[in-house]
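I opened my notebook to look up ring pairs and charged side chains in one model. My entries follow the order in which I looked things up.

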Amino acid sequence: MAVFEVRQGTSPVVLGFPHTGTDVPPAIWDRLNDNGRLLADTDWHIHQLYDGLLADATTVRATFHRYVIDANRDPQGVSLYPGQNTTGLIPETDFDGKGIWAQGAEPTKADTADRLRDFHAPYHAALAAEIKRVKSIHGIAVLYDCHSIRSHIPFLFEGVLPDFNIGTDMGKTCAPAIEQGALAATTAASGYTNILNGRFKGGWTTRHYGRPQTGVHAIQMELAQSTHLAAESPPFAYDPTKAERLRVHLKDILTRIERTALDLASQKNNNR
């Protein structure tokens, strides 16, 4: 199986998709229990939702499922949210805290090492290469990391999640203008709720690549799945009507980020 898919563009914006993949190698599939085989914690249809919104954006998409290994986790297994419920590098449970592996088939340290080598590392090598390529064109690159999650998961957070969840690790991973552009676009989206650096402050990908001082910016967008799915339960069907309404606002977000990136690049060149 191909571990990742890349579509190259010339925009300063790179879209990352670490959690839309549903591929599970047979040897790993056989070790999942019935609950794990639901693959419920997929970022369902997110690559379809963003498709074509920014014509020249580069996209890098992991094709493997997060139960194989989570491409948005620290390869050392360090938790992003100490003291809070979360799932690990190779999850032991789903987002509801229920086991996903057959008894006696839980992943081992050797499995972790193998999957880091075969899945996690190749995806990030591809993502890093595209960020470097885009930066060589513009002198700046913006990684926009695309995510979604069910809006109500008591195991992970209280209450109902806002529709747009912007994460920049408290402003550390991108220039203020990029963060504020995304916030302004989501605030202007009538009928939707938003939050900046709430429960989701940016995953490992955002925090790892976001180095504004080097010209590489990163921002995560975690969407509530109620904004584009018919229901947040199997079969997790895409709702075209909801999605088209949402895509208008996602296009606005991406367009603002691209424009800001080009402005920042221009300012940098003028100051040389």
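**Entry 1: a charge over a ring**

I began with Arg-199, which lies over the face of Phe-200, 5.1 Å from the ring centre. I kept in mind that this is a predicted model. Phe-200 itself is buried, with a relative accessible area of 10%.

**Entry 2: aromatic pairs**

How many aromatic pairs does the count come to? I got six. One of them is Trp-44 with Phe-236, a stacked pair with 4.9 Å from centre to centre and 10° between the planes.

Next I turned to Phe-157 and Phe-200. Their ring centres are 6.2 Å apart and their planes stand at 80°, so I noted the pair as edge-to-face. Phe-157 lies in the loop between β4 (141-149) and β5 (164-167), while Phe-200 lies in the loop between β6 (194-196) and α5 (204-209), so the pair ties together parts that are 43 residues apart in sequence. Phe-157 is buried, with 8% relative accessibility.

I also found a cluster: ring pairs link Phe-17, Tyr-50 and Tyr-144.

**Entry 3: Glu-222**

I followed Phe-200 to one of its contacts, Glu-222, which is found in strand β7.

I did find a polar atom of the Glu-222 side chain 3.4 Å from the backbone nitrogen of Ser-148. Leaving out residues up to four places away in sequence, Glu-222 touches His-147, Ser-148, Ile-149, Asp-163, Phe-164, Asn-165 and Phe-200.

**Entry 4: salt bridges**

My count of salt bridges came to 13. One of them joins the side chains of Arg-61 and Glu-5, at 3.1 Å from N to O. Arg-61 lies in strand β3 (residues 58-62) and Glu-5 in strand β1 (residues 4-7), so the pair ties together parts that are 56 residues apart in sequence. Arg-61 is buried at 13% relative accessibility, whereas Glu-5 is partly exposed at 42% relative accessible area.

I next looked up Asp-70 and Arg-73, whose side chains meet in a salt bridge at 3.6 Å, N to O. Asp-70 is buried, and Arg-73 is buried too.

Then came Asp-96 and Arg-150, a salt bridge whose closest N and O atoms are 3.2 Å apart. This pair links distant parts of the chain, 54 residues apart: Asp-96 is in the loop between β3 and α3 (109-138), and Arg-150 is in the loop between β4 and β5. Asp-96 is partly exposed, with 32% relative accessibility, but Arg-150 is buried, with a relative accessible area of 13%.

Technical notes:
Residues numbered from 1 in each chain as written. Predicted model: local features only at pLDDT ≥ 70, side-chain atom pairs only at ≥ 80, totals over all residues. Heavy atoms only, no water. Phe/Tyr/Trp six-rings, centres within 6.5 Å; stacked < 30°, edge-to-face > 60°. Helix = DSSP H or I, 4+ residues; strand = E, 2+ residues; numbered from the N terminus. Buried < 20%, exposed > 50% of the residue type's maximum accessible area, 1.4 Å probe, protein only. Lys NZ or Arg CZ within 6 Å of the ring centre and 35° of its normal. Polar contact = N/O pair within 3.5 Å; in protein donor to acceptor, adjacent residues only side chain to side chain. Contact = heavy atoms within 4.5 Å. Salt bridge = Lys/Arg side-chain N within 4 Å of Asp/Glu carboxyl O.
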